[in-house]
Amino acid sequence: MRIRLVATTAAAAGALAALTAVPAHAAEYNSALKIRGIQYDAPGSDSNRCSTGNTDEEYLTIKNYSRSTTVNLKGYVVKDAAGNKFTFTASHTLQPGDYVKLRGGNGTDSDAGNVVYRDNCNFMWNNDKDTIYVYKPSGSRADVHSYTKSGSDKDGNGYITYHG
């Protein structure tokens, strides 16, 4: 009887652990900022030449989903699974419902145009699979999503929407 009770208790504990364990890519974080979508595969043949390349066609859209809070992106960090990262070093404010496109390549950042450039002509996102992390200035996660070209991009256009 005692062995059966221990086995039942262990099985229940294991089932509870399985129910509460959430993979990192499926976790919901308490943050106004979330990844709206990603153009992980720039249209055309990939070229990271600064003058004629297409790294500016690869972008991450981050949106302020708050209904009342303005968010300053200064200090937020965006990373990929390999550890490539971009830190928002300048103030860039997002009003409630506003978004920014973090683009590769070089360009002029613009609040009015909702764009910030990484000032780096290398592609950040892998074309087959990757994980996107957004960290608050405090270091805590704001959002995270993983993708695979075959599993996440049903229409094959290189763009994936997360939070609509």
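This is a predicted model: local features need pLDDT of at least 70, side-chain atom pairs count only at pLDDT 80 or more; totals for chains, interfaces and linings use all residues.
Cys 50 and Cys 121 form a disulfide, with their sulfur atoms 2.0 Å apart; the term denotes a pair of cysteine sulfur atoms within 2.5 Å. The structure holds one disulfide. The torsion about its S-S bond is about 120°, so the disulfide of Cys 50 and Cys 121 is right-handed. The pair links distant parts of the chain, 71 residues apart: Cys 50 belongs to the loop between β1 (33–39) and β2 (59–64), and Cys 121 to the loop between β8 (115–117) and β9 (129–135). Strands here are DSSP runs (E, at least two residues), numbered from the N terminus.

Residues are numbered from 1 along each chain as its sequence is written, and side-chain values use heavy atoms, with hydrogens and water left out.

Is each of these two cysteines buried or exposed? Cys 50 is exposed, with a relative accessible area of 54%, whereas Cys 121 counts as buried at 7%. Buried means under 20% relative accessible area, exposed over 50%, and partly exposed in between, with a 1.4 Å probe and protein chains only.

I turn now to the aromatic residues. Rings of Phe, Tyr and Trp (its six-membered ring) pair if their centres lie within 6.5 Å; planes under 30 degrees apart count as stacked, over 60 as edge-to-face, and the rest as tilted. The count by this rule is four aromatic pairs. One of them is the tilted pair of Tyr 59 and Tyr 159, at 6.2 Å centre to centre and with 40° between the planes. Tyr 59 lies in strand β2 and Tyr 159 in strand β11 (residues 159–161), so this pair ties together parts that are 100 residues apart in sequence. Tyr 59 is buried at 13% relative accessibility, and Tyr 159 is partly exposed at 21%. Phe 86 and Phe 88 form an edge-to-face pair, 5.0 Å between centres and 85° between planes; Phe 86 and Phe 88 are both buried.

Finally, the sheet. An open sheet of four strands runs in the order β5-β4-β9-β10, with antiparallel pairing; two strands pair if DSSP finds at least two bridges between them. Its edge strands, β5 (85–87) and β10 (141–148), each pair on one side only. β9 and β10 pair over seven bridges in the antiparallel sense. The bridge partner of Val 134 in β10 is Asp 143.
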